[in-house]
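Please look over the sequence and the model first, and then read on.

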Amino acid sequence: MRSFSVAVTLAVAMLLGLVVAAPGHGAATSADETDGDDTGLHLLREAAAAGRTHRYTGVIRFVTERPGAGGTASALVEVSGADGVLTVREALAGAVARRVDPGSPAGGLAAPTPGMLDVLARNYHVVAAGRGTVCGRDSRIVEVRRDDGGVAARFWLDESSRLPLRRDVFDGRGRLTSSAAFVEVEIPQTRRDVTPLPGPAAARDEAELARLRARGWGFPVRLPNRLELFAARAEEPGYLYFGYSDGLSVVSIFVQRGYLDEERLTGWHVQARAGHKTWVRDSLRQEASWASGGHVYTVLADAPSDTVDAAIAALPHEREPGFWTRVARGAERLASWANPFA
Amino acid sequence: MRHLGERVSALVDGELSHSERERALAHLTFCADCRAEVEAVRALKNRLRSLEGPSVPADLTMSLLRMSEPGGPLPPRVNPFPDASRVFGGMPVPSMHGFAPPDNRPRGHARPRGGRARRAGYVAVGLTSAAMAFGTMFVIGGMEPAPSVVPQMERFANQHRTTIPYGPATAHATPIPTPTPTVTPTAPVVRGR
């Protein structure tokens with residue numbers, strides 16, 4: 001059920017249909033001169049703005065790969081967007097509706113913040129790639145490409161409203177890893193006079209980072225596959241949160257002090273990821289946990305599996321101590337206990 | 001008269017009768033060989049008599065007594081010459097009161113009956129003790145000083161879902177006291193490439 005709830009949430013994000021209270025059609029926003037070769041970036045900015053200003057309803061079909069388990073998982077999610085808030089509900093009897101932000105993973109990252117789009121443009125090439133159709137509606141296609149020309153993501157934006165109707169994400173080998181697409185959509189009143197939302201540039205909370213560093217914590221500002229640190233916080237009750245994104249995906253890392261109580265990990269199973277032993281759950285989201293050096297690391301990600309694997313590989317993985325290491329450590333502890341001056 | 005022979009020693013010791021002594025002395029008057037032999041025996045006895053009997057150290061006595069016992073393994077040999085200041089020809093010379101006998105007791109005689117079984121017993125006890133010691137250290141070395149935890153998945157998943165990258169802070173971003181790290185300050189929490 002939880003998996004379906006997640007899927008529902010993600011699907012809602014894709015659903016940023018807009019119903020404009022004011023009638024009439026406006027002119028499409030022109031490309032920013034600073035976009036350079038990113039000919040599709042202004043379209044994504046319009047889509048992000050439309051996702052927060054338009055009204056729409058529909059059903060999204062969400063499909064994602066199942067890391068380690070093979071195959072795919074899917075879910076249908078009913079979504080309703082209005083006033084910058086998405087209401088999502090899994091298309092099942094008894095499902096509970098939730099209100100989420102369209103710029104969050106729960107909202108399918110359908111209306112990313114201006115800072116997120118800056119990071120996307122910094123790490124990828126965002127180009128307009130023709131036209132298509134989704135649910136019988138004419139769409140503009142925008143591709144997010146890597147330096148080698150490979151497609152990292154593809155968006156279908158409603159021609160009339162600019163609402164994103166479909167979002168596909170691919171891994172480094174060009175394999176489709178997730179897709180969220182409307183199978184039903186209703187946009188009562190469409191307009192295209194959506195103006196890209198102003199917002200702060202992609203910046204981290206440097207003061208919070210400085211506080212953590214002053215307390216001895218060290219963390220990289222970048223992880224493999226273009227992941228950039230956008231948030232690092234100490235949270236209650238006693239864990240650290242690190243958020244990374246490449247402008248397209250979101251990887252969250254949680255660090256707890258202690259060692260992993262494997263006997264209490266119900267619903268988890270061991271799986272080797274990036275050559276390391278990790279505990280994973282069968283979920284629509286990438287979830288992995290392991291212990292190293294007196295800390296437990298947990299990764300949750302809405303990202304291709306190869307991106308998550310690279311992030312996991314870059315995190316600490318201390319090997320289990322051998323026999324003599326444990327004996328030496330035990331002798332050292334015994335000596336310290338027996339030493340009254342220790 | 002025949003040579004004195006075995007009566008030389010008796011003459012020197014004064015053990016001959018009067019008549020025998022007179023005949024022996026008469027013989028010595030004309031026999032140079034017997035006279036020389038008597039003189040040699042008398043000189044030897046005088047020399048021995050002039051020597052004092054050596055005092056026997058207590059440890060020597062105890063060592064001799066232990067040699068007569070059928071007891072256990074040989075005691076460790078004590079360096080009889082702790083004072084190496086007196087040497088002769090590069091070898092330490094014992095003093096009269098610091099003398100200890102060489103440990104030349106036959107090894108086989110000191111080993112009691114059933115010694116092999118006792119040695120096996122010693123080995124077994126030693127191995128068991130070592131195993132217990134290593135086992136204890138292994139267990140203690142495996143004890144984790146940190147608390148046992150499981151991922152707070154409901155909280156983590158909610159925070160992950162609701163986080164808005166580069167957006168306004170969520171409810172989870174409320175400033176809270178920062179826990180003190182338990183790792184070496186310079187050690188990275190997460191290791192970059």
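## Contacts between and within the chains

In this predicted model, the helix α6(A) meets the helix α6(B) through A:F323, A:W324, A:R326, A:V327, A:R329, A:G330, A:A331, A:R333, A:L334 and A:W337 on one side, and B:F134, B:M137, B:F138, B:V139, B:I140, B:G141 and B:G142 on the other, where contact means heavy atoms within 4.5 Å. By class, this contact has 11 nonpolar, three polar and three charged residues; Ala, Val, Leu, Ile, Met, Phe, Trp, Tyr, Cys and Pro count as nonpolar, Asp, Glu, Lys and Arg as charged, and the others, Gly among them, as polar.

This is a predicted model in which local features need pLDDT of at least 70 and side-chain atom pairs count only at pLDDT 80 or more, while totals for chains, interfaces and linings use all residues. Residues are numbered from 1 along each chain as its sequence is written, chains are lettered from A and ligands numbered from 1 in the order in which they are written, and side-chain values use heavy atoms, with hydrogens and water left out.

Two packed helices are described by the angle between their axes and the distance between the axes. The table gives these values for two pairs, with axes fitted to C-alpha atoms over the stretch in contact and angles running from 0 to 180 degrees between N-to-C directions.

| Helix pair | Angle | Axes |
|---|---|---|
| α2(A) (residues 41–53) and α3(A) (residues 114–123) | about 160 degrees | 11 Å apart |
| α6(A) (residues 323–338) and α6(B) (residues 115–142) | roughly 90 degrees | within 6 Å |

At that angle, α2(A) is roughly antiparallel to α3(A), whereas α6(A) and α6(B) are roughly perpendicular to each other; angles under 35 degrees count as roughly parallel, over 145 as roughly antiparallel, 65 to 115 as roughly perpendicular and the rest as oblique. In the pair within chain A, A:L41, A:L44, A:R45 and A:A48 of α2(A) meet A:L117, A:D118, A:L120 and A:A121 of α3(A), and the residues of this contact divide into six nonpolar, no polar and two charged.

Chain A has six helices and 18 strands, which are DSSP runs (H or I, at least four residues, for helices; E, at least two, for strands) numbered from the N terminus. Of its 342 residues, 55% count as buried, that is, under 20% relative accessible area with a 1.4 Å probe and protein chains only, where exposed means over 50% and partly exposed lies in between.

Beyond its neighbours within four places in sequence, A:V251 is in contact with residues including A:L227, A:F242, A:Y244 and A:V299.

Elsewhere, A:V134 lies in strand β5 (residues 125–134) of chain A and is buried, with a relative accessible area of 7%. A:V185, in strand β9 (residues 176–186) of chain A, is 128 residues from A:T57 in sequence and 5.8 Å from A:T57 in space, C-alpha to C-alpha.

Returning to the two chains, A:D261 is found in the loop between β14 (259–260) and β15 (268–273) of chain A. A:D261 is buried, with a relative accessible area of 14%, and, not counting residues up to four places away in sequence, A:D261 touches B:S148, B:V149 and B:V150.
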